[in-house]
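Subject: Structure for you to look at

Hello,

Here is the structure we talked about. Please open it beside this email and follow along; my notes come below it.

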Amino acid sequence: MRSPNRMLALIALAASAAALVLTAGCAPPDSISAPAIQLAPTAPSLDAVPPLGPIVLDSVYRKATEKIYLTFGADSVMKVMAQKDSLNAIAVAAEAAGDQAASAAARLALRTFQIAVSLGALGTPIADATVVAVDAALADAQNRITYWKSKGTNVTLPTSLAATATSQLAQAKLAANAASKLDLATKAGANIMVIRNLLQPVPGAATPPPPPPPSGLWATIEAPRAWDYVPTPVDQAACGATGKTYDVGPGKTYATPAGVPWQSLLPCDNVRIFYQATPYRDVIFLSNRGAAHKYIRIVGMPGPNGELPILDGNGATIKAGTPFINQVFDGLGMIVVSPPVGYTYGYKPGYLEIANLEIRNSSKIYNHTKLSGQSVAWDDFASGIYIERAENVAIRNCHIHDNGIGIFQNSKYDEAGQSRYLLVEGNSVHDNGVVGDAHEHNAYTEGIGTVYQFNHFGQIASGSYGDNIKDRSAGITFRYNWIAGGVYEIALQDPQSNANWERQAKDAWGNLLVNAAYIYGNVLVMRDRPDFPISWTKSLVAFGDGPYSYGNVRGGTVYFYQNTVISQFDWTPWQYSSAVLFSVLNSGTHPVVQARNNAFWATSLTPGKKATPFALFYNYGYADFSANWMSAGWLPIEPGNHSGNSVLNVGPAFDGTGVSSMFSNAANTPGFVNAGQNDFHLLGSSVLIGQGTALDAEVIKTGNAPLFEYIGANQWKLRKVVAVPALGAFEP
């Protein structure tokens, strides 16, 4: 930890560097104090900032870095980004040290630097252009407030924000210099952005004419479809004879993935990476976009015995000049998906298939070579696949292991950075995570319309405190997977990075996507880890963040049905007294867990020892349980060290109501074919056969009735259709 004096000295140096940028104009970043080179002598058009969108400093700064890239090249923009990252690191360190004064000074230095770079690259007229755009956005926000107030909506917060934005914009118009003008205008824009997130547009209101359609490789902006819980078809059915093939491997056109012209890929192109005994150690940056039925495919070509080509992060390197829009992505993934420098605001990579690859060792316990040429440890949050923002990405039949995070997907910036329609299908994912750390997981995703199906998710890395799958998506489906291990097998936390946008997203039937989660047809295994026993690993599903900054976004119903849940814990007096099924952390939205047609079997890990019983809830929860088989001795709540005033579970303790048709037998034998060999299919004599009940009408309406059964990673079969279904994930 840095000392306060050292921290303040660094902040002073950062502020001085920012001041040099402001006085120098846009100089080549090799020497930020070099003579000025003015790049924008005339006023830019309003396209320089997003029309009526999130007109904040980051969006203007992004335009500036693109200008630097186009004028001076990738190395120059990387140097500017490195300075910003350095300033940000100072601010983060000050915050971690709890020094509020130093933190405020560091944030001011960072903002001053961004303003200086923006003015230097785009010219001082950008400040006036931003004022004009913010003025139009404010008028739109005020119209929304007036309309929704007339409809009885509580507009207290938007009204307060509009008043602040009005004052800031008025000051911007009177500001004597461009830096103050841009500073105040983008602060006003930030307040307007919140209003636009809180209030929908006025129905039928006239909107400004759209700007001319952008052109170029990184310019396509596709209107989102209403999520119907159906993954986008992953195919090249509309390609015909178009599309190029880039072959990688021994004796092929490209010896390694580094040779592929990744930023030149077009719809229908295929990159085929052939197996070789020696792993490939090239970081891959995917920035381009296919189209519907014209996917860009990055596909491994297996070896003679089915071996998948390996992308190995241990000693990996990245091609010089890779055009990341932010240098922070250099060290975050073996495969990184993000727009490149020079993209049109709102563009996202998409229609990408990543298949048949083994991706491993992108973890801070290993080194990699950065764009700077330095060999350093991978960053925190380093991932096998790191998606910064994208839509229609399919990750299929990959073996992803021993990374910090196996699969990561982020969302941000309203729709401009909203990830959508991720399909994770048929993969084997295991042993990702970091020893002693709770922030890395086998998968960590946030988007709209996310589907996990036919995957095998094994244990997280030994010594990790991570979850197996942590998801913050609006519109999430888990079906036909095998998931075993983690602090939670499935942690459905609240939307976070783009929460204000995602909490408004609706499905094709007009329902809020944050008010439904579908979990069905899965085998979920809760099992003691003798290598790393910790008490709080005895939990299956978490829901929400509780009373935190992004808390109580998720609500509605967790539809949990036709799952087979196995608990194998030896009961001990010093750990949880139960294996908790649902840790409902959001009480403000009153979510309901609807559990139907499941099989919950609790047994000991060691033969002859007492098994730990199930508890339906950690403490708080609304239950709608019917037609489930559950080992006898189950508890309504975990009786351990908590109360109705628990920090995580504000609200009354679950009282056992809402539970009906719970089956069990004294012998605790559900009738599995061979539980000792993890075969949880049903014997013809199983007590689970013919005990099911009808599924909720919402399940049927949205097309989420169970159709398949899991066999293994990337293997499945049709589920037998019978009049009265068996309980659990399988029909006999």
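Leu352 sits in strand S8, which covers residues 350-355. The model is a predicted one. Is Leu352 buried or exposed? Its relative accessibility is 2%, and buried means under 20%, so Leu352 counts as buried. Leaving out residues up to four places away in sequence, Leu352 touches Leu286, Asn288, Tyr295, Ile296, Val337, Asn392, Val393 and Ala394. Gly290 is 62 residues from Leu352 in sequence, yet the two C-alpha atoms are 6.6 Å apart in space.

Phe569 gives another case of this kind. Its place is the loop between strand S29 (564-568) and strand S30. Phe569 has a relative accessible area of 0% and is therefore buried. Between Phe569 and Thr606 there are 37 residues of separation in sequence and 8.1 Å in space, C-alpha to C-alpha.

For the protein overall, take the contacts between residues at least 6 apart in sequence: 78% of them join residues at least 24 apart. The protein has 732 residues, and 56% of them count as buried. The secondary structure consists of 9 helices and 41 strands.

Next, the helices. Two packed helices are described by the angle between their axes and the distance between the axes.

How do H2 and H4 cross, and at roughly what angle? Helix H2 spans residues 57-72 and helix H4 spans residues 100-122; their axes come within 8 Å and cross at roughly 50°. H2 and H4 are therefore oblique to each other. The crossing of H2 past H4 is left-handed. On the H2 side the contact is made by Leu57, Asp58, Val60, Tyr61, Lys63, Ala64, Lys67 and Ile68. On the H4 side the residues are Arg111, Phe113, Gln114, Ile115, Val117, Ser118, Ala121 and Leu122. The residues of this contact divide into 10 nonpolar, 2 polar and 4 charged.

H4 also meets helix H7, which runs over residues 178-198. Here the axes come within 10 Å and cross at roughly 115°. That makes H4 roughly perpendicular to H7. H4 passes H7 in a right-handed crossing. From H4, the residues Arg111, Ile115, Ser118 and Leu119 take part, and they meet Ala178, Ala179, Leu182, Asp183, Thr186 and Lys187 of H7. Sorted by type, the residues of the contact of H4 with H7 are 5 nonpolar, 2 polar and 3 charged.

Last, two backbone details. Which phi does His590 have, positive or negative? His590 is not a glycine, but its phi is positive, at about 50°. His590 lies in the loop between strand S30 (579-584) and strand S31 (592-596). With a relative accessible area of 45%, His590 is partly exposed.

Asn597 is not a glycine either, and its phi is positive at about 60°. The loop that holds Asn597 runs between S31 and strand S32 (599-603). Asn597 counts as buried, at 0% relative accessibility.

Regards

Methods. Residues numbered from 1 in each chain as written. Predicted model: local features only at pLDDT ≥ 70, side-chain atom pairs only at ≥ 80, totals over all residues. Heavy atoms only, no water. Axes fitted to C-alpha atoms, helices over the stretch in contact; angles between N-to-C directions. Helix = DSSP H or I, 4+ residues; strand = E, 2+ residues; numbered from the N terminus. Parallel < 35°, antiparallel > 145°, perpendicular 65-115°, else oblique. Left-handed = near helix turned anticlockwise from the far one by under 90°. Contact = heavy atoms within 4.5 Å. Nonpolar A, V, L, I, M, F, W, Y, C, P; charged D, E, K, R; others polar. Buried < 20%, exposed > 50% of the residue type's maximum accessible area, 1.4 Å probe, protein only.
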